[in-house]
Amino acid sequence: MFGRRAQPQRVLIASSHALFGQGLRSLLQERHRAEVEIVGVVSSLEEVVSALERLKPDLVIVDYDDDNLNRDEFLARYVEGEGKLRVVLLSLQEGQQALVYDRRTLAASKTDDWLQEWTTSKRTVDRTKSGMPLKRNRPALQAIPIVENRRGDMKHLVIAGFLVILVTALLIFGLERVQLLPVAASAQAAPIDSLFDLEFKVIAFLFSLIVVLMLYSVIVFRRRKGDDTDAAHIEGNTRLEVMWTVAPLVTVLVFAYLGGQSLAETMRVEADPLEVNVIGQQWSWRFEYPELGIISSELILQEGQQALLHLSATDVIHSFWVPEFRVKQDALPGGKDFVRDLRITPTMVGEWKVRCAELCGLKHAYMESPVRVLAEAEFTSWVEANSVASGDPVERGQQVYQQFGCNACHSLDGTVSVGPSWQGIYQSQEPLADGTTVTVDEAYLHESIIDPNAKIVAGFNPGVMPQNFEEVLTEEQISDVIEFIKSVR
Ligand SMILES: [Cu+2]
């Protein structure tokens with residue numbers, strides 16, 4: 001026996017609680033690495049019996065607190081009875097200190113004392129081991145359950161990995177069949193859509209990775225009937241952590257690069273663009289073509305010709321968005337320094353809508369204007385028809401009403417909206433918020449347009465109507481719109 005001291009003690013742990021086995025395993029290995037070899041962890045008496053045969057342990061450590069193991073029967077069989085062997089009953093429950101029960105006395109002693117005694121001398125082993133089956137022809141190490149688990153893990157990994165790939169493929173196949181985006185009607189849409197496509201594929205993979213692994217675990221590793229063991233205690237895995245840090249980092253960097261490329265592509269300058277000033281105002285859009293001398297309440301563009309939009313707002317932040325063109329840009333108040341540019345090259349003839357994509361007040365949801373893309377010939381005739389001003393002041397005034405967004409707040413049919421209706425107000429007696437009345441004449445209308453807060457119509461609030469029409473409108477436009485108001489009966 002003494003000649004074999006270099007051989008480690010072979011220890012079998014009996015407990016149905018995984019934590020007990022793992023705790024003890026790491027404790028023993030930490031303190032007595034060379035002297036101890038854990039040959040297995042078993043969870044029932046039946047398994048002990050077969051393990052004794054198979055693994056030939058020198059020592060069995062029994063979980064003293066494990067009711068499933070039936071301590072008394074165990075002791076009767078292996079300590080008192082026929083097949084005597086060295087058994088230690090160990091409790092890890094009382095206080096922080098582990099209690100050790102020797103097989104003969106069942107007297108408690110401290111772990112350290114016990115471990116000390118046990119590992120420093122095999123004399124104890126010799127003295128007490130009479131009858132213990134201490135054969136030294138050991139079975140191969142592969143018999144240890146841990147090794148079998150690794151092989152099982154590999155199998156699960158392969159199956160789950162296959163399922164992840166399968167689900168990813170199905171998702172991508174399905175997504176390609178669903179029309180997620182509206183028709184792409186501009187040159188700027190192409191780089192955006194291809195980036196979007198790629199992102200969706202990566203997202204499909206991520207979704208599968210998470211959901212498939214989760215469902216697989218829930219189903220395959222679910223608790224079986226009658227199994228009340230604790231789950232394995234896992235302390236982290238450096239390789240895995242490095243992987244799941246580096247992979248997202250690389251993905252995000254790649255997408256940042258691709259995103260930068262797409263952004264540059266959407267801003268590419270083409271020769272001879274059509275310049276349009278786009279002005280957002282609560283709650284309408286106005287489109288001015290400085291080169292053509294046209295002001296319009298619709299955005300008219302020519303197919304194949306890049307439009308250079310200069311976006312601004314008169315009151316609050318609005319946002320210019322035509323989903324079919326994909327690109328989007330805020331329109332900011334604040335003057336020249338805050339004008340933002342946006343380039344759009346329409347690639348097909350059609351009719352879309354510009355929407356405001358920035359919550360801008362009460363009628364934000366209705367802040368839409370038609371967008372029409374015309375072929376070259378139609379565009380030319382539109383320019384011709386609109387660049388000559390009408391000779392009729394009422395007709396011109398009606399254009400002002402639409403182009404400068406009066407229609408967002410003033411109806412012509414008596415409907416009270418954000419502002420009073422213009423129907424029949426000329427020459428009427430209008431009650432004001434301060435209790436007086438005013439006769440609606442040209443002077444009052446003029447004042448109401450350039451200085452809306454001077455007199456407030458009863459039932460309405462000051463500060464709602466834009467305060468800047470004196471700068472925005474020419475004197476001629478103001479008198480035109482007054483003529484138009486006079487005509488609304
Ligand atoms: Cu808006």
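Reader: Over how many bridges do β7 and strand β11 (residues 307–313) pair in the parallel sense?

Author: Strands are DSSP runs of E of at least two residues, and helices are runs of H or I of at least four, numbered from the N terminus. Two strands pair if DSSP finds at least two bridges between them. Between β7 and β11, paired in the parallel sense, the number of bridges is 7.

Reader: What are the residue numbering and the model's basis?

Author: Residues are numbered from 1 along each chain as its sequence is written. The model is predicted: local features need pLDDT of at least 70, side-chain atom pairs count only at pLDDT 80 or more, totals for chains, interfaces and linings use all residues, and side-chain values use heavy atoms, leaving out hydrogens and water.

Reader: Which residue of β11 is the bridge partner of leucine 274?

Author: Strand β7 covers 274–281. The bridge partner of leucine 274 in β11 is alanine 307.

Reader: Which strands stand at the edges of the open sheet?

Author: The sheet has 5 strands with mixed pairing, in the order β9-β8-β7-β11-β14. Two strands have a single partner each, so one side of each is left without a neighbour in the sheet; these are β9 and β14.

Reader: Which residues of α9 are buried?

Author: Buried means under 20% relative accessible area and exposed over 50%, with partly exposed in between (1.4 Å probe, protein chains only). On the other side of α9, Ala377, Glu384 and Ala385 are exposed. The buried residues are Phe379, Trp382 and Val383.

Conventions
Contact = heavy atoms within 4.5 Å.
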